[in-house]
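Thanks for taking a look at this one with me. My notes are below, in numbered points.

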Amino acid sequence: MRDAVMWVLVGAGVAVQAFACLGVLLMRDALDRLHYVGASAVGIACVCAAVVVAEGPSLIGLKAMLTAAFLLVTGPVLAHVTARAIHLHREARG
């Protein structure tokens with residue numbers, strides 16, 4: 001059962017990451033691309049959760065949880081700062 005849950009989480013994480021990559025590739029505007037970059041944090045969290053399910057409460061599982069927590073907290077901050085920089089750059093040009 002543990003292997004099935006792990007593979008479902010890995011599959012979901014990879015699918016979300018592929019969707020986010022396609023969104024970044026296909027969107028025309030930089031601000032539109034930022035929406036997909038933010039969604040990629042969910043894919044990373046799924047893969048990290050798969051590592052925790054596979055390895056259990058170990059050092060590797062702890063590192064995966066810390067990685068997921070760090071990326072889930074800093075991802076929105078990075079998106080906001082990037083959007084603000086784009087906005088300020090557009091204001092200065094026009």
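**Notes on the fold**

1. Among contacts (heavy atoms within 4.5 Å) in the chain between residues at least 6 apart in sequence, 63% join residues at least 24 apart. Keep in mind that this is a predicted model, where local features need pLDDT of at least 70, side-chain atom pairs count only at pLDDT 80 or more, and totals for chains, interfaces and linings use all residues. Residues are numbered from 1 along each chain as its sequence is written, and side-chain values use heavy atoms, with hydrogens and water left out.

2. You'll find three helices and zero strands in the chain, counting DSSP runs of H or I with at least four residues as helices and E runs of at least two as strands, numbered from the N terminus. The radius of gyration, taken over C-alpha atoms, is 16 Å, well over the 12 Å from the globule rule for 94 residues (2.2 Å times the number of residues to the power 0.38), so the chain is more spread out than a compact globule.

3. Which residues of α3 are buried? They are G61, A64, A68, A79 and I86, where buried means under 20% relative accessible area with a 1.4 Å probe, protein chains only. These buried residues pack against α2 (30-55).

4. S40 counts as buried because its relative accessibility is 16%. Setting aside neighbours within four places in sequence, S40 touches Q17 and A20.

Key:
Buried < 20%, exposed > 50% of the residue type's maximum accessible area, 1.4 Å probe, protein only.
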